[in-house]
Amino acid sequence: MSEAVGTPQQRERATTIYEKGAPGRRAFVAPALDVPQVDGLIPRALRRAEPPKLPEATEPEIVRHYVNLSKRNFDLDSGFYPLGSCTMKHNPRLHERVAALPGHARLHPLQDPRRAQGALELMFELQQALAEIAGLPHVSLQPSAGSHGELAGVLLTRAYHADRGEQRTKVLTPDSAHGTNPATVTMAGYEVVKVELDADGGVDLDDLRDKTDDQVACLMLTNPSTLGLFEPNIEEIAAIVHGAGATLYYDGANLNAIMGYSRPGDMGFDIVHFNLHKTFTQPHGGGGPGAGPIAVSDRIEPFLPRPQVVRRAPTNGGPPTFELDEDRPKSIGKLRGFQGNYGVFVRTYAYIRSLGAEGLQDVSEVAVLNANYLLARLRERVGDRLPLAFGERCMHEFVLTGAPLKKELGVRTLDLAKRLLDHGMHPPTVYFPLVVDEALLIEPTETETRETLDAFVDAIAAIVAEAQTDPQMARNAPYTTPVRRLDEAGAAKRPRVREIL
């Protein structure tokens, strides 16, 4: 255990809010209740028999408790966060201010649409912008996250086939699919069928042809893939899938790599989900809020969730109006109680409008440039111990394999990741994609400077060099974090919600 663990600050951080304070302490004392109490207003069965057992603490105790808790986590504002496949990039603070404007932040979800025309107009224009980016004409903003958008896409596929009188049973996912794809397929009641990869990391066309029959409802594909590779055979893949009557679904987690250069709709995709909290501006992580809108082709449009935000033509010389269209007889229904996480829409709309078409293209260009620069530097410094798993270059992310490092020095990818925390950087994704042994999936994003990327390379090189003389340093890392290495498998089975020093 590191020396810092025994300090007063560490002990302060290890104490729960229920263990602080003392009976009678208050941060705020409310004035006496001056509202007449109506007996029976709250049914007796719902009234408490005794007061709730809440902490009693002063305001300084409360503030220190939560500030100390906040310092225990690593965040993007503290340092580099190259988490592959998640696009953890900086979000402009200006957009936070825009989302916090009273007209946005205080808008009630049950407000009459006639009195929320500005919000509906923003949502409609966001739909139009996302449709253009995806190359598909119809958008629903309802899904709350990428995985929710995935579920919506597969449910749309089910509704499309059911409307044609077909009962298909299988959904294809490639070996490099995001982990949520198979889970989504199962939730939607389909059977997951894995499609193999070829030697270059792309979809194996022969295996795809063999498995694409009249029972296949859909192929779910990420392009670029989680290997950081653009699928060169995408047109042929689309022809195979559509030839069997199935739909082609685009997992939009990696859209950050292609905006302004290619569009999923032009590749042949029928359904696309966006991760607004990855590709566009929205604080990412901590469970949300996020947003996962979906864009679809004409043949899928009748089944979109209801209500849809629509624009009505002007009447009597007035401006156009915006409404929530509930009249959708073939719709899969509502995916949530309201129209989505509106604050995310505001941030995304501000991001798209502030950058414009050329700016969005620059985002992708710099994301790909940064990734290839970082890959070249790592190859130069540690390429013998951490070689590239597939290909020669990459899109916005790439996957290294730590198999040589493990074989030659006995240091696993997990050890390297834990040691990187001591260098003040969040580790990249480890052990994903599953098709790469000792995988290290790295995405630098477009918002990081060259100096930051160079510092990351220096840290990785230092860890590898250290492992050659003292591999135990990495095996026992981290040393500078609030807690040391955890039993992650055991924690999932037997969680301990309070730290024991």
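Phe280 is buried, and Tyr351 is buried too (buried means under 20% relative accessible area with a 1.4 Å probe and protein chains only, exposed over 50%, and partly exposed in between). This is a predicted model, in which local features need pLDDT of at least 70, side-chain atom pairs count only at pLDDT 80 or more, and totals for chains, interfaces and linings use all residues. Residues are numbered from 1 along each chain as its sequence is written, and side-chain values use heavy atoms, leaving out hydrogens and water.

Let's turn to the aromatic rings. The structure holds six aromatic pairs (rings of Phe, Tyr and Trp, the last by its six-membered ring, pair if their centres lie within 6.5 Å; planes under 30 degrees apart count as stacked, over 60 as edge-to-face and the rest as tilted). In one of them, Tyr160 and Phe303 have ring centres 6.5 Å apart and planes at 80 degrees, so the pair is edge-to-face. Tyr160 lies in helix H6 and Phe303 in the loop between strands S7 and S8, so this pair ties together parts 143 residues apart in sequence (helices, H or I of at least four residues, and strands, E of at least two, are DSSP runs numbered from the N terminus). Both Tyr160 and Phe303 are buried. For Phe280 and Tyr351, the centres are 5.9 Å apart and the planes at 80 degrees, so that pair is edge-to-face.

Now look at helix H7 (residues 180–187), where Asn181, Thr184 and Val185 are buried. Its buried residues fall within an arc of 100 degrees seen down the axis, so they line one face of the helix (the arc is that of the directions from the helix axis to the C-beta atoms). On the other side of H7, Thr186 and Met187 are exposed.
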